[in-house]
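I opened the model and kept notes as I went. The entries follow the order in which I looked things up.

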Amino acid sequence: MNRRFFGTTMAAVVALAAAGMSPVQAETLRLLTWGGYAPDAVVAAFTAETGIDVEVTLSNNEEMISKLRATRGAGFDLVQPSQDRIQGPQVEFGIYKPIDLSQIDAGQFITSMLESTKSVTTVEGEIYGVPHVWGTSGLVLDRSVASDVADFTDLCNGNHAGEVSIRLKRPVLIGFAFSLGLDPFAAYGDADAYTDLMNTVADTLIDCKDQVKAFWEGGDQLIASVTSGEVTAAMAWDTGGWKLNTENADVTYVAPSSGALGWIDTFALPARGENDSAAYQWINFVMQPEIAAQITAVAGNFTASQGADELASAELKAQFQDSFPPAAIDNINWYPAVPAGLEDIEGRVLDRIRASN
Amino acid sequence: MTEIGSSDLGATPAKLPTSVRRQPGVARLWFYLLLLPPVLWLGLLIILPHIQLFILSLKEKVAPRVYTYGLDNYIGFFNEPLYWMTLLRTATISILATALTLVIAFPVAYYIAKMLRGRTKNLIFVLALLPFWVSELVRTLGWIMLLRETGIISNTLLSLGLIPERVELLGNDAAIITGLVYTSMLFMVVPLINSLDSLDDSLIEAAYDLGGKGVAILREIIIPHAMPGIVAGSIVVFMLTLGNIVTPAFLGGKNSIWFTDQIYQKFIVRFNWEQGSAFGFLLLITSSLVVWLGLKLTRQSLAKTIT
């Protein structure tokens, strides 16, 4: 229940252990990240090169922020929240520390992505994040039965009742808003307008709930339910669709006509991280094109590493081009930073949808 | 020695021999030493966090990192039907699940305690415990395998031709209650066996000799005797059910509305620890209230249940 107390105690225990053992123990990097972002092979290569052990903890945006909030930014040396989840939590809880860009080899990054992430993660003149992996949310469809679905709202057209799955988190609200012809990002700054907009989206989703089979939580869960044939159309991450496509050519990821939702997961330093130098070494290590390509192979998503895309497998490249004709790439709606307080509005809406019958 | 001892202990009468006089001091020291772990346990892990939680629940956010104190989080709970309906629903289903568990567990416990003897008794008892050697998570996943649309039950019914197409058995209240009853079975069976074991068989025989019928004996002899076990089991099962998060979430699917899930959402997904703490307290109050009401209605006391 009490995360702060537990967190502090744990931190104290860890600190004591570290203080007592540091002369004998090798240097450690405590990394809080997403599944697939730190494959065993990459970790082993990093340890071999630098002598630093990597402790990997897997999580998602909300849990990362909650964990750091509980310890006021301690317990990890490097975290990987999405770029839109840095500004708000930083203003609200102060859980990150600024990045020293002189420690990072900027030449390894795709310049446009680096600049965009820097501007999205700036708080009071300080930069808090650099980009790592990017991807999109859109539609995963079994084209043999659900080719009529072209946009998020089409999931609710009644043709696939009981075979639809969505993930009941903020992306579904944003995606449906665009699909309804609204612009949620334009309303970010105006709490009242945003509340109205979200209520419209909620009404649509509540009407649609009958047709939804399940709210999926993790990528593996969605893949299992599509593989079993229980779900034929879903709002999901691109990588899930491509993994399914490898096994069943009918299933693939489709960019919705209102635009796929683009996210970028970043590298950020926790406010009370203890090994910044190891964190910078890790960032520079995994942004090398060959290493980044290895991560792409496991995670299924492309990275912000300059030159790594050419090294991706031919199959993944073909899948990507199939899902994203050039126009669809321009059509991607990239998440701007979520202002503090917006999550409260979305939370109430999500509660309403979850509880509706 | 004597002087220090008696002045330290104060109340010890001077008449007693030295050895006896020193005894209470040592005994008291032991008493405090033995008391220390539970006091630390309660204090550090239960009372202290709850105080912090309570303080947190009174905080109101004005702006980022600016808070005042007030009852907004509690008022918010009563102003939003969604929240109190969820709590009401959670409590109702928990009571229902507890009652069902009791109805199913009672014959099982009676059979084990009264009908079986020796090794068979132990064997059947262990069989009843066996499912609890695996974690709750695994047991719940087992139910998912059985109940899902492409699961065992649905497929079997389909292949027997009893249903025209696959049915989804997950995602409804019945699935949640099934899971909850299964999960809490053990916690009802064990106290029931305990209390039924102590019932002298000759009392039942005597009741038959005096012309009592089965139902009357159950009502007049067996249930009154087993009452402490019933109450203890029901309290434990109710608490576990009310505080359960895995079973409703997994088996209820998109329709799982459970109060603990609301608390989780508040803390982890919405970063609203303040209201989450308030919800935690409301859950604590509700469960205490229901248990208190249950004890009043059955005219039992907690003390009687424990002994």
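**Entry 1: chain A overall**

I began with secondary structure. Chain A carries 15 helices and 15 strands. I then checked the radius of gyration, which is 21 Å. The globule rule gives 21 Å for 357 residues, so chain A is as compact as a globular protein of that length. Along the principal axes, I get a box of roughly 65 × 45 × 35 Å for the C-alpha atoms of chain A. Of the 357 residues in chain A, 49% are buried. I also looked at how far apart in sequence the contacts reach. Taking contacts in chain A between residues at least 6 apart, I find that 77% join residues at least 24 apart.

**Entry 2: confidence**

This is a predicted model, and I looked up its confidence next. The average pLDDT of chain A is 90. I note that 93% of its residues score at least 70. Two stretches went on my caution list. Residues 1–7 of chain A have pLDDT below 50. That stretch still makes 13 contacts beyond near neighbours in sequence. Residues 13–24 of chain A also fall below 50.

**Entry 3: domains of chain A**

How is chain A divided by the domain assignment? Domain 1 takes residues 3–134 + 263–330. Domain 2 takes 137–261 + 333–355. I get 26 Å between the C-alpha centres of domain 1 and domain 2 of chain A.

I then turned to the contact between them. In chain A, 19 residues of domain 1 meet 18 residues of domain 2. Which elements supply at least two residues each to the domain 1 side? They are α4 (87–93) and α13 (314–323) of chain A. α13(A) gives the most, with five residues. By class, I list this side of domain 1 of chain A as eight nonpolar, six polar and five charged residues.

**Entry 4: chain A against chain B**

Next I took the contact between the chains. Here 24 residues of chain A are in contact with 20 residues of chain B. On the chain A side, the elements giving two or more residues are α3, α4, β9 (212–215) and α15 (342–355). The largest share of the chain A side comes from α15(A), with seven residues. I class the chain A residues here as nine nonpolar, four polar and eleven charged.

**Entry 5: positive phi**

I went through the backbone angles last. Most residues other than glycine have a negative phi. Two exceptions went into the notebook.

A:R72 has a phi near 50°. I find A:R72 in the loop between α3 (61–70) and β3 (78–79) of chain A. Is A:R72 buried or partly exposed? I count 17 C-beta neighbours inside 10 Å, so A:R72 is partly exposed.

B:F271 has a phi near 55°. B:F271 lies in the loop between α12 (259–269) and α13 (273–297) of chain B. Why do I call B:F271 buried? B:F271 is buried because 21 other C-beta atoms lie within 10 Å, and the cut-off is 20 or more.

Technical notes. Residues are numbered from 1 along each chain as its sequence is written. Chains are lettered from A and ligands numbered from 1 in the order in which they are written. This is a predicted model: local features need pLDDT of at least 70, side-chain atom pairs count only at pLDDT 80 or more; totals for chains, interfaces and linings use all residues. Domain bounds come from an automatic or database domain assignment. Two residues are in contact if their C-beta atoms, placed from the backbone, lie within 7 Å. Helices (H or I, at least four residues) and strands (E, at least two) are DSSP runs, numbered from the N terminus. Ala, Val, Leu, Ile, Met, Phe, Trp, Tyr, Cys and Pro count as nonpolar, Asp, Glu, Lys and Arg as charged, and the others, Gly among them, as polar. pLDDT is the predictor's confidence in each residue, from 0 to 100. A residue is buried if 20 or more other C-beta atoms lie within 10 Å of its own, exposed if 12 or fewer, and partly exposed in between; C-beta atoms are placed from the backbone. The radius of gyration is taken over C-alpha atoms; the globule rule is 2.2 Å times the number of residues to the power 0.38.
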